Structure formats: structure tokens, C-alpha cells
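Me: Please take a close look at the side-chain contacts in this model, covering charged groups and aromatic rings. I would like one connected account.

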Amino acid sequence: MDAVFLARLQFGLTAGFHFLFPPTTLGLSFVVLILETLYLRTKNAVYRDLSAYLVRILGLVFVMGVATGITLEFAFGNNWAAYSRTVGDIFGAPLAAEAVFSFFLESVFLGILVFGRDRVKPKTYRLAAFLVFFGAHLSGLWIIIANSWMQTPAGFRMEGGRAVLDDFFQAAFNPSAVVRFVHTILGGWLTGALVAMAVAAWLMLKGRAADKAARLMKPALLLFAVSAVLQLGAGHAHSVQVTRTQPEKMAAFEALWRTEDGAPFTVFGIPDAKNERTRLAVRVPKMLSLLVHFDPNGRVLGLDEFPKEDRPPVFLPFATYHAMILIGLVFIAMGAWGIGLLARKKLGRSRCYLKLLLFAVPLPYLANEGGWIAAEVGRQPWAVYKVLRTSEAVSAVVPAGNILFSLILFAAIYAFIGAVGLSVILRTVRRGPDNGQADAGKGAV
Amino acid sequence: MDSGTFLQNVWFLLIGVLLAGYSVLDGFDLGVGALFPFLARTEDEKRSLAGAIGPVWDGNEVWLLAGGGALFAAFPMVYATVFSGFYLALMLVLFSLILRAVSLEFRAHDPVRRSVWEAAFVGGSILPALLFGVALGNVVAGVPLDARTEFAGTFFTLLRPLPLVFGVLGLSAFLLHGGAYAALKSDGPLRERARKAARTAAVAVGIAFLLSFAAVWIYLPAAVRSVPAWVFSGLAGLSLALCFLAIRKGRDGRAFFFSSVVFLSLWGIVGAIHYPNLVRATDPSLSLTLVNASSSPLTLKVMLVIALAGMPLVVGYTVFAYRVFKGKVRPDDGGY
């Protein structure tokens with residue numbers, strides 16, 4: 001096994017594991033903010049108890065995100081020293097900005113959310129909830145800016161083999177940054193909202209705290225349903241952008257081997273890159289051209305336009321991209337079904353729907369990870385698109401054995417803290433919300 | 001010698017400020033972690049001690065991430081050379097920090113493995129507290145770099161006398177700082193044990209400081225001519241003595257203040273004897289300095305805007321959070 005492969009595997013594992021947590025934080029912090037706002041408006045202690053319940057879960061999710069995020073701040077120096085030297089002039093700034101503007105904000109105010117309920121006024125507490133929500137989203141913006149620059153680099157010039165910053169705003173708001181940000185944030189809202197809905201559904205199924213569960217379900221379901229519809233638009237816009245800025249990546253997503261006028265959308269298939277064909281393909285004629293060009297006869301570039309050494313792998317981007325789209329469509333249906341039940345006041349009694357919510361919890365995680373894998377594997381063979389090859393980005397001085405050693409330890413430690421973390425989170429869910437009725441007046445304005 | 005542009009000098013200083021901020025803030029919770037088994041005997045005491053750092057350790061650790069990010073942005077050559085060169089040592093720090101990050105929450109919520117998480121908290125605090133000094137000692141003492149400024153040593157290159165005494169100095173300073181903080185936040189037998197630990201640690205800092213002084217004299221004779229280094233050394237010695245006295249008199253707040261000044265003075269010494277180097281190479285012509293390792297002027301300028309816009313806010317709400325959580329802790333405060 002060579003160092004490049006091991007370094008990629010290590011980055012994939014550590015970043016992929018980390019990426020379970022931030023999207024959950026994005027969505028859960030939104031639900032907590034909604035609950036705190038409802039509490040301030042209605043003075044109903046139920047909302048405060050629900051918020052406290054979700055804050056306990058958010059605290060655990062956040063700490064897992066912090067623990068697994070530390071690695072990534074240093075990962076580019078560890079395994080990607082050549083990358084860091086070549087593009088550090090541009091890539092380092094968003095990482096530093098993320099720490100300065102977001103990590104401090106999130107950490108300090110999450111401390112107040114988790115530990116400070118009785119130490120600050122309710123309005124200050126709600127402000128803390130807002131700042132955690134805001135910090136999480138700002139953090140997402142900076143890291144998406146960094147990632148997008150690898151996909152669609154802009155605002156720089158090459159000098160002596162190094163990228164040098166020309167224009168900060170062009171680099172930051174490069175062609176894929178904004179649409180990728182919206183798409184990722186919506187993925188986070190769907191994740192956190194579904195987690196909150198599943199918690200509420202579980203309480204309802206167990207017949208515990210039914211009134212509270214209903215009051216949690218409603219805002220979470222609305223957030224979920226709205227996000228699912230918005231995600232259809234954001235995902236679509238992102239795909240149109242990919243077609244424009246990284247056509248070989250879209251060709252890989254769709255296993256489009258040859259350029260076509262009126263390209264079909266492949267609903268299902270097993271891409272075979274060696275023979276450049278897709279087995280068992282189920283295609284909708286002209287659909288891809290219609291989707292990305294709004295013209296059924298529009299030309300979509302195929303993989304044959306690109307030299308073999310510049311083509312991304314096909315199987316993994318194809319499979320993960322299609323899984324993500326499928327899950328996105330399932331979410332729209334789930335949201336619509338839930339809203340229908342809510343409108344007819346049947347939500348609490350539909351055991352079928354409530355059970356579906358429980359079993360659906362892994363889906364947003366699969367969609368988030370799938371979309372990320374499609375985006376990053378689809379970027380190959382480049383670390384920075386058409387600027388630096390992944391094979392030339394690794395650390396020259398780190399032997400493959402050292403990477404393997406650290407990779408094994410990362411896998412072991414992450415498996416351990418992942419398993420314990422999951423059981424601790426489930427235990428926190430099972431404890432249920434507090435019953436703060438007795439001191440409902442305490443702390444209220 | 002080229003003394004660099006204004007921006008390069010500012011960023012040399014700011015990296016130092018971020019790392020010094022990290023050691024003053026995360027320093028006390030690392031110290032509390034390292035002293036945990038010696039200070040807290042009963043479950044209530046353990047929960048108090050965990051609660052004393054629970055709301056703040058995470059924000060403190062961000063100073064390290066900010067330092068790492070700023071180093072990447074301002075001096076990418078240093079970021080690349082050090083973190084790929086010190087690979088295994090850095091992995092040990094990362095594994096420690098990962099396990100430590102989850103340890104307090106898991107200790108509270110995973111009673112079956114309580115002792116495992118306690119060990120992770122203690123070990124995950126001691127190891128970084130020791131290795132930070134070793135790493136700093138290496139870049140100050142000089143490491144073998146090749147013509148491409150890549151690290152040309154091994155893991156064992158890092159374990160030389162000067163870096164090792166720096167490691168011991170760093171560890172004992174973290175212990176002093178943690179002991180002073182624990183005394184400030186607790187009362188009863190816990191506070192007494194914290195004061196005793198801090199007193200012992202203060203003596204250890206004194207001895208390790210003299211050893212480091214001797215090591216610098218032997219291995220970096222030129223450093224002895226630096227006037228600012230002498231000034232900061234005097235300040236370090238003075239604040240250490242005042243810290244010791246404050247601990248004896250039971251003035252916990254003052255002791256914590258002076259243990260913070262000890263850290264800042266130590267960083268002052270490092271800055272004085274290291275400037276303008278960021279990584280000294282065994283062959284001085286290959287050293288990474290603030291001139292040859294920095295980003296472009298535009299990036300340094302953008303980063304300065306980011307730092308000037310962001311850091312005052314950070315300091316403001318950090319002070320606010322410490323005021324929210326001020327005072328002695330009780331076992332139930334932290335929710336652990």
C-alpha cells in the first residue's frame with residue numbers, strides 16, 4: 001500500500017467520521033433556537049424542558065465533533081505537507097478564520113447552554129442559543145469556502161510553483177462556494193430536524209410525555225418538510241454548477257461515458273469503468289440534458305472528452321450521488337406525509353409514520369456522507385482542481401508505515417468513542433425530558 | 001540580516017500571542033487534568049473538579065486550533081515542515097486530545113467504564129502538557145532540515161536534552177497553573193490539596209527553569225546575549241516567587257494571576273531567543289524564519305483584518321463566560 005492511498009484513506013476516515021457531527025449540530029441548534037424562542041414567547045415551561053432535553057443531546061454531539069475536529073486542523077500539515085506548501089497562502093486563511101470567528105463563539109456559548117441555565121437570564125440564554133446556531137453556520141461557511149476552493153479555485157495566481165492570493169473575495173466566494181454552502185446547511189437542517197422528530201416519535205410510541213413530544217414534533221417536522229423541498233432546488237442548482245465548472249465530475253456522477261446531445265438520466269446502473277459502459281442501466285431519455293441545461297437536446301460532456309489520467313473514478317461517485325438523490329426524494333415524501341398527518345391531527349396516532357421516523361434516522365447521515373464522497377472522489381485525480389494532483393500533495397517525509405500506524409489507531413479510537421458516544425446519546429434520549437412544571441415560574445421573565 | 005516586513009513581524013508576534021493565550025487558558029485545565037487523581041479523592045470532589053473546567057475547557061482548546069490555523073495561513077512552510085516532520089509525536093498529542101475531549105462527558109454518562117474515561121482524562125492531559133514543551137524545545141534548539149526544508153530526523157531526534165528539559169518545564173508550569181486554578185475554584189480538603197500541589201509544582205518549575213536556563217546556555221550560547229530574554233527571565237523568576245508566596249498565604253486569585261504571568265514570561269523568553277526563526281535548522285542557512293516561511297503580503301494583510309475583527313470579540317465574550325461561571329464550584333454545578 002502506498003503512502004498516497006493511505007493518506008487519502010486516513011483523511012477520508014477522519015473527515016468522514018467528523019462529518020457525522022457538524023450537520024447534526026447545525027440542525028439541532030436550529031431546533032433548540034426555535035424552542036427557546038417559543039419559550040420566551042409563551043412562557044410555557046414545556047418548551048424550556050424540551051430545549052434542555054435537546055441541549056443535553058446537542059452537548060454530546062458537539063463534544064464528539066470537537067474531539068474529531070482537532071485532528072483535521074493539523075491533518076494538512078501531517079499528511080499533506082506538499083499541499084500545505086503549495087496552496088497554504090490561500091487555504092490556511094479560511095481555517096484560521098473558522099477558529100477565530102466560529103469555534104470560539106460556538107464553544108463559549110455552548111458552555112453557557114449546557115452549564116449556565118440557572119446562571120443567566122432567559123433572554124441571555126436565548127441569545128446564547130442563537131450564537132451557538134450562528135457560530136455553527138458561520139463555521140460551516142468557512143470550511144465550505146476552503147473545500148470549494150479545492151473544487152473551483154479562483155482569486156489566485158501561480159508563482160514559482162506556489163498559489164499566491166490575488167483577490168480574497170474571489171477566492172472565498174469562488175464559483176461553487178455559495179451553492180455548496182446552502183446545500184450543506186440544508187443537509188444539516190434535515191439531519192438535526194429528523195433527529196428531533198425521531199426523539200419525539202420515540203416518546204410518542206412509548207406513551208411518555210405525549211404533550212411535550214407533540215410540541216417538539218411540530219416545529220421539527222415543519223423545519224424538515226421545508227428543508228426537504230428547498231434541498232431539491234439547492235441540490236439541483238449545485239448539479240448545474242458542477243456541470244458548468246467540473247464537467248468530468250458530472251460525467252462521473254451520471255456515468256456518461258460519451259458526450260451526448262440529449263443525454264439521458266441514469267436512474268440505476270452498475271458503472272464499469274474498464275469497459276466504459278453501464279450494466280443493467282435504467283435510463284430516462286434526454287432527462288439529464290433537460291435537468292442541467294433546461295433543454296432536452298442540450299449537450300452534456302462525457303468522460304471521453306477527458307484524457308484518461310484526468311478522469312475521476314466512476315463507480316463510487318455514481319453510487320453515492322444517486323443514493324443521495326434517492327434519499328432526498330424520500331425526505332420530500334416523508335415531509336409531505338407528516339404535514340398531511342399534522343393537518344388532520346392524526347400524527348400522534350400514526351404508529352406507522354412514527355416508526356418510519358425512527359428507522360429513517362440513518363438516512364440523512366448516508367445522504368451527507370454520500371454527497372461528500374461524491375464531491376471529493378469526483379474531484380480526483382486533483383487535490384485542487386487542475387492546480388495540484390492528489391499524488392503530488394502528500395508529505396514527502398512521512399513513511400507509509402507511520403501513516404498505517406496512525407490510521408489503525410484512528411480507526412480503533414474512533415470505533416470506540418463512536419460506539420460509546422452512540423450509547424451515551426441513546427441513554428440521554430431514554431431519560432426523557434425533565435419535568436420542570438413545579439418550578440415553572442423560576443427563571444421566567 | 002533581513003528583518004522582514006511589518007506584517008511578517010506582526011504575525012510572528014500574533015502566533016506567539018495565540019500560543020501564549022492557549023497555555024494560559026487551556027493550561028489550567030490541562031493542569032487540572034494532570035493533577036486530577038492527586039486532588040480529588042471522593043466522587044463529589046471529582047465532580048466538583050470536572051465541573052470547575054466543564055464549561056470552559058472547550059473554548060480554551062480553541063486557542064490551539066486558532067494557533068494551528070493561523071500558523072497554516074501566515075507561515076505555511078512552518079506548518080508543513082513541523083507537522084509532517086514531528087508526525088508520530090503530533091499523533092500522540094492528537095490521540096490524547098481526542099480521548100480527553102470526550103472523557104469528562106463519558107465519565108459522567110458511561111459509568112461502566114468510568115475508570116477508563118478518568119484515565120483518558122488524566123493521561124490525555126499529561127501527555128500533551130509534556131509534549132508541547134518538547135516540540136517547542138526542538139524548534140528552538142534546531143532540528144535537521146534538508147535543502148527542501150523538510151525534516152530530516154526521526155522520532156528519536158526529538159528526544160534531546162534541551163527539548164526534554166523544556167518538556168519538563170512546560171509540564172510543571174501546567175501543573176502549577178492547574179493547581180492554582182483548582183484552589184481558586186474549590187474549598188475544603190480539595191482546596192488544601194490543590195494548594196499543596198501548586199506549591200510543589202512551583203518548586204518544580206523553579207528547578208526545571210534553572211535546568212532549561214543551563215541547557216540554553218550550553219546549546220544556544222548566542223541566546224545569552226539577548227537583553228529581552230534576561231528581562232523576561234527576571235520577570236519569570238519574580239512572578240514565580242510571588243506565585244509561591246501567594247499560594248502560601250492562601251491568596252488563590254493572586255497565585256493564579258502570577259502563574260499566568262509565569263507562562264507569559266516564558267513565552268517572552270522563547271520569542272526573544274528564537275526571533276526571527278520559526279524553526280531553527282541544524283544548518284542555520286536552512287532555518288525557517290519569518291521572512292522565508294511566510295505567506296504573501298496580501299494573505300498576511302487579510303489575516304490581520306480577520307484577527308483584528310475577531311479577537312477583541314473573542315476576548316470580550318470569553319470574559320463574559322468566565323464571569324457567568326465565577327466562584328467556587330459545588331459537586332452538582334457541572335452536571336457531571
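Reply:

**Side-chain contacts**

In this predicted model, the charged end of Arg389(A) sits over the ring of Trp382(A), at 4.4 Å from the ring centre. Chain A has another such contact: Arg117(A) lies over the face of Tyr125(A), with 4.0 Å to the centre of the ring.

Next come the contacts between charges. Side chains of opposite charge can pair when their charged atoms come close. Over all chains, the search gives 29 salt bridges. One of them joins Asp49(A) to Lys212(A), with 3.2 Å between the closest N and O atoms. This pair links distant parts of the chain, since Asp49(A) belongs to helix α3 (residues 45-79) of chain A and Lys212(A) to helix α8 (residues 210-245) of chain A, 163 residues apart. Asp49(A) is buried at 4% relative accessible area, and Lys212(A) is buried as well, at 8%.

Helix α8 of chain A also holds a local pair, Arg215(A) and Asp211(A), which are 4 residues apart and therefore separated by about one helical turn. They form a salt bridge whose closest N and O atoms are 3.3 Å apart. Arg215(A) is partly exposed, with a relative accessible area of 29%; Asp211(A) is partly exposed too, at 44%.

In chain B, Arg47(B) and Asp44(B) form a salt bridge with an N to O distance of 3.7 Å. Both residues are in helix α2 (residues 43-53) of chain B, 3 residues apart, or about one turn of the helix. Asp44(B) has a relative accessible area of 42%, so it counts as partly exposed. Salt bridges also connect Glu43(B), Lys46(B), Arg107(B), Arg114(B) and Glu118(B) in a network.

The rings remain. Over all chains, the count is 43 aromatic pairs. Among them, Phe28(B) and Phe256(B) have ring centres 5.7 Å apart and planes at 70 degrees, so this pair is edge-to-face. Phe28(B) lies in helix α1 (residues 6-39) of chain B and Phe256(B) in helix α10 (residues 252-274) of chain B, so the contact ties together parts 228 residues apart in sequence. Phe28(B) is buried at 1% relative accessibility, and Phe256(B) is buried at 17%.

The rings of Phe213(B) and Trp217(B) make a tilted pair, because their planes are at 50 degrees, with centres 6.1 Å apart. These two residues sit in helix α8 (residues 189-219) of chain B, 4 residues apart, about one turn of the helix. Phe213(B) is partly exposed at 27% relative accessibility, as is Trp217(B) at 46%.

Finally, ring pairs link residues of both chains into a cluster: Phe11(A), Phe74(A), Phe76(A), Tyr83(A), Phe91(A), Phe72(B), Tyr79(B) and Phe83(B).

Definitions and conventions: Residues numbered from 1 in each chain as written. Chains lettered and ligands numbered in written order. Predicted model: local features only at pLDDT ≥ 70, side-chain atom pairs only at ≥ 80, totals over all residues. Heavy atoms only, no water. Salt bridge = Lys/Arg side-chain N within 4 Å of Asp/Glu carboxyl O. Buried < 20%, exposed > 50% of the residue type's maximum accessible area, 1.4 Å probe, protein only. Phe/Tyr/Trp six-rings, centres within 6.5 Å; stacked < 30°, edge-to-face > 60°. Lys NZ or Arg CZ within 6 Å of the ring centre and 35° of its normal.
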